[in-house]
Amino acid sequence: MMAALALGPCDLHALYGFPSDMDKLPGRGRNDFGCQTCHLSKTGGGLNYFGASYLERDFNYDAPVQEEDSDRDGFTNGEELNAYPATNPGDPESFPWRPPSLLRWMLSNAALVLAILAGGLLALRKNDPVP
Ligand SMILES: [Ca+2]
């Protein structure tokens, strides 16, 4: 009983064997944030933005929860929890790395970028003096 008193609500949740809501999350909720995936502190307590959304959906990690951006950091909960490494969907200061906009454009238009580069190389070769 003394050990249980030293644990936070998130630990008690697992200790007393309630259905694990963490197990429903990507990677079974095993990420660097632990209880803070849903709670404000490492020992549980109040819910963060994602925890409130998850509770609102009765702990169903369904499409509306996955597609929501609970912490309004520009990434959906699903993008954050499936990122490698996962980021915290309840913390707006935690989000996946996003390449700069020019690099994103170049990656999404790779064929055009390669064609421009190839055309530039051909133009340079044409200007080379013939041996
Ligand atoms: Ca986040």
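Is aspartate 58 buried or exposed, and how many C-beta neighbours does aspartate 58 have inside 10 Å? Aspartate 58 counts as exposed, because it has 8 C-beta neighbours inside 10 Å. Please keep in mind that this is a predicted model. Here is a short tour of the chain, from its overall make-up to a few backbone details.

**Overall make-up**
- The chain holds seven helices and two strands.
- Read from the N terminus, the order of these elements is α-α-β-β-α-α-α-α-α.
- Of the 131 residues in the chain, 21% are buried.
- Taking contacts between residues at least 6 apart in sequence, 29% of them join residues at least 24 apart.

**The nonpolar core**
- Six residues form the largest nonpolar core: Cys35, Cys38, Tyr49, Phe50, Tyr54 and Val65.
- Helix H3 (residues 49-56) supplies the largest share of this core, with three residues.
- As general background, nonpolar side chains tend to be buried together in soluble globular proteins.
- If you click on cysteine 38, look for its contacts with Leu47, Asn48, Phe50, Gly51, Tyr54 and Gly90, a list that leaves out residues up to four places away in sequence.

**The loop between H3 and H4**
- Aspartate 58 sits in the loop between H3 and helix H4 (63-67), and its phi is near 55°, a positive value in a residue other than glycine.
- Phenylalanine 59 is also placed in the loop between H3 and H4, and has a positive phi of about 60° although it is not a glycine.
- Phenylalanine 59 counts as partly exposed because it has 17 C-beta neighbours inside 10 Å.
- For context, most residues other than glycine have a negative phi, and most peptide bonds are trans.

**A cis peptide bond**
- The bond from tyrosine 84 to proline 85 is cis, and its omega is near -5°.
- You will find proline 85 in the loop between helix H5 (77-82) and helix H6 (101-108).

**Arginine 28**
- Arginine 28 lies in the loop between helix H2 (9-15) and strand S1 (39-41).
- Its 10 C-beta neighbours inside 10 Å are the reason why arginine 28 counts as exposed.
- Beyond its neighbours within four places in sequence, arginine 28 is in contact with Met22 and Asp23.

**Helix H7**
- Helix H7 (residues 110-126) has 17 residues and reaches 24 Å from its first C-alpha to its last, close to the 24 Å expected at 1.5 Å a residue.

Notes. Residues are numbered from 1 along each chain as its sequence is written. This is a predicted model: local features need pLDDT of at least 70, side-chain atom pairs count only at pLDDT 80 or more; totals for chains, interfaces and linings use all residues. Helices (H or I, at least four residues) and strands (E, at least two) are DSSP runs, numbered from the N terminus. The expected span of a helix is 1.5 Å times one less than its number of residues. A residue is buried if 20 or more other C-beta atoms lie within 10 Å of its own, exposed if 12 or fewer, and partly exposed in between; C-beta atoms are placed from the backbone. Two residues are in contact if their C-beta atoms, placed from the backbone, lie within 7 Å. A nonpolar core is a set of buried Ala, Val, Leu, Ile, Met, Phe, Trp, Tyr and Cys residues joined through C-beta atoms within 7 Å.
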